[in-house]
Amino acid sequence: MASKRERVTGDRVEEEELDFELKRQRVNENSSPSPSPVSIANPLSGLANNYADIDEEEDYYQRDKGTVSNNRNGGSQQNGHKYEGDDDSDEEDDLGNQLFVGRNSRQVEVRRDCPYLDTVNRQVLDFDFEKFCSVSLSNLNVYACLVCGKYYQGRGKRSHAYTHSLEAGHHVYINLLTEKVYCLPDGYEINDPSLDDIRHVLNPRFAAKDVEQLDKNKQWSRALDGSSYLPGMVGLNNIKETDFVNVTIQSLMRVTPLRNFFLIPENYQHCKSPLVHRFGELTRKIWHARNFKGQVSPHEFLQAVMKASKKRFRIGAQSDPVEFVSWLLNTLHADLKTSKKNMSIIYECFQGELEVVKEIPNTRINETSNMPFLMLGLDLPPPPLFKDVMENNIIPQVALFNILKKFDGETVTEVVRPHIARMKYRVTRLPKYMILHMRRFTKNNFFVEKNPTLVNFPVKNLELKDYIPLPTAKGNQKLHSKYDLIANIVHDGKPGEGSYRAFVQRKSEELWYEMQDLHVSETLPHLVALSEAYMQIYEQQQ
């Protein structure tokens with residue numbers, strides 16, 4: 001049976017998360033101030049609790065840097081079995097002329113056969129949660145028990161994994177970083193191809209040829225419970241009022257260059273940002289075709305968001321997806337940009353440019369400047385203040401083309417911050433992917449008000465040049481001014497409350513799906529246009 005952390009959903013997930021955070025805080029407060037015995041340059045490390053059996057990951061990182069002796073990888077041959085250097089024990093053996101890196105090293109037997117492989121229970125395995133030991137709450141050298149699914153630290157004789165193997169009789173463990181599988185308490189490594197599916201779920205992998213075929217794949221995948229799911233169209237668990245994150249992630253997954261970039265970890269291996277790596281992990285899990293279950297929990301990504309945003313966006317507090325996507329894209333760009341050029345995959349996909357003319361009242365000063373943008377905000381006409389008996393059920397409507405006139409270079413927009421001015425906007429460079437934001441919510445000193453106006457928009461073939469002036473193409477280049485909708489985020493309910501859902505397109509079949517947390521269902525294109533659109537992503541036709 002699955003452990004508590006893996007079974008609970010909904011409100012019970014919230015209790016589990018709060019208990020987990022409180023316990024971790026208590027451990028941190030009571031921990032010794034002495035430095036950790038190992039300093040690991042791991043961008044995903046959050047804690048560094050002292051523990052004796054943590055040398056394996058140190059060697060893992062050193063090996064990546066080329067500082068570990070090749071003899072360790074080669075191992076030796078004794079008694080017909082292959083041996084490797086292991087530094088996760090408290091015993092010191094005489095290895096003769098063999099060179100192994102790390103303290104307390106000894107040889108580890110590698111076997112292809114293990115009598116306990118039939119005890120592995122894939123139904124309880126869930127690698128979406130943070131990689132912390134369930135006893136010590138340390139994130140160093142953590143193993144997952146492949147029998148019950150719980151996480152334990154170390155595998156030396158004083159470790160929690162070793163103790164669990166004796167107390168519970170669970171013998172098969174996988175290192176969550178190195179992906180090596182061991183049998184405890186015997187201590188030998190298991191090298192069996194039947195465990196490769198677990199490694200792929202722990203760390204999904206995509207080759208370049210696999211990425212190219214994603215938008216052509218029409219095949220459904222089957223989870224362990226027999227249910228079917230579409231890779232890329234899986235539900236996301238709402239841990240506690242985190243639907244604003246879920247709809248943002250589901251929408252960004254339709255941006256093909258962004259998705260393809262994060263599916264290949266080598267593209268951002270130079271980056272030390274935990275947020276970047278967590279976003280990449282989540283992307284690979286969503287598009288993986290060999291998952292054990294048909295949904296994904298964005299728990300680790302949310303933890304990285306909470307830390308990077310200094311709890312501006314956090315579990316248990318509803319937030320605005322427009323604010324979140326603006327923060328996320330700017331933060332990812334800042335983490336990914338190169339030192340020589342201020343460019344990243346974020347700017348390549350979403351950045352456009354506006355010409356802004358500012359007129360200051362009572363002066364003859366006109367300021368003209370060019371301003372890059374990642375998102376365009378559209379102002380909705382105010383709803384009628386008074387309604388008669390016959391108009392109670394009438395919902396005001398406006399065409400998207402009318403509110404796009406804000407960017408025709410002639411329409412005046414009055415602003416009061418930072419000071420009163422009259423602004424004119426004109427698009428001078430179109431992005432490959434255009435994010436539109438309908439400003440439905442207005443705040444005053446007393447409450448937040450929601451504008452219920454419906455926006456009529458085309459799902460395909462949004463031709464901008466018919467409604468706003470666009471820059472002329474350079475040379476023989478063709479101006480691409482036609483866009484197709486790929487994602488539409490909707491808010492349901494009252495302002496400050498309610499929930500968010502997303503309509504997204506599956507390119508392989510050009511079908512539309514409605515996605516709200518774990519709920520995923522096919523829908524019709526005309527139903528997409530009948531919703532109260534809040535944020536949209538359009539793709540430029542090439």
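## Aromatic contacts and helix packing in a predicted model

R259 lies over the face of W287, with 4.6 Å to the ring centre, where a charge sits over a ring if NZ of Lys or CZ of Arg is within 6 Å of the ring centre and within 35 degrees of the ring normal. This is a predicted model, in which local features need pLDDT of at least 70 and side-chain atom pairs count only at pLDDT 80 or more, whereas totals for chains, interfaces and linings use all residues. Residues are numbered from 1 along each chain as its sequence is written, and side-chain values use heavy atoms, with hydrogens and water left out.

The protein chain has 15 helices and 28 strands; helices (H or I, at least four residues) and strands (E, at least two) are DSSP runs numbered from the N terminus. Of its 542 residues, 51% count as buried, that is, under 20% relative accessible area with a 1.4 Å probe and protein chains only, while exposed means over 50% and partly exposed lies in between. Among contacts between residues at least 6 apart in sequence, 64% join residues at least 24 apart, contact meaning heavy atoms within 4.5 Å.

**Aromatic pairs**

The structure holds 16 aromatic pairs. Rings of Phe, Tyr and Trp (its six-membered ring) pair if their centres lie within 6.5 Å, and planes under 30 degrees apart count as stacked, over 60 as edge-to-face and the rest as tilted. Two of these pairs that share F313 are set out below.

| Pair | Centre to centre | Angle between planes | Class |
|---|---|---|---|
| F244 and F313 | 6.2 Å | 40° | tilted |
| F313 and W327 | 5.6 Å | 50° | tilted |

F244 lies in helix α8 (residues 243-252) and F313 in the loop between α11 (299-308) and α12 (321-336), so their pair ties together parts that are 69 residues apart in sequence. W327, in turn, belongs to helix α12, so the pair of F313 with W327 ties together parts that are 14 residues apart in sequence.

Elsewhere, F261, F262, Y268, F279 and F301 form one aromatic cluster, and R111 lies over the face of Y188, at 4.1 Å from the ring centre.

**Packing of α11 and α12**

The helices α11 and α12 pack at an angle of about 80°, with their axes 12 Å apart; the axes are lines fitted to C-alpha atoms over the stretch in contact, and angles run from 0 to 180 degrees between N-to-C directions. The two helices are therefore roughly perpendicular to each other, a class that covers 65 to 115 degrees, while angles under 35 count as roughly parallel, over 145 as roughly antiparallel and the rest as oblique. On the α11 side the contact is made by F301, V305 and A308, and on the α12 side by F324, W327 and L328. These residues divide into six nonpolar, no polar and no charged, where Ala, Val, Leu, Ile, Met, Phe, Trp, Tyr, Cys and Pro count as nonpolar, Asp, Glu, Lys and Arg as charged, and the others, Gly among them, as polar.

**Two histidines**

H299 is found in helix α11 and is buried, with a relative accessible area of 0%. H299 and L236 are 63 residues apart in sequence and 9.8 Å apart in space, C-alpha to C-alpha. H437 lies in strand β19 (residues 433-439) and counts as buried at 12% relative accessibility. Leaving aside neighbours within four places in sequence, H437 is in contact with V322, M375, L376, G377, L378 and Y534.
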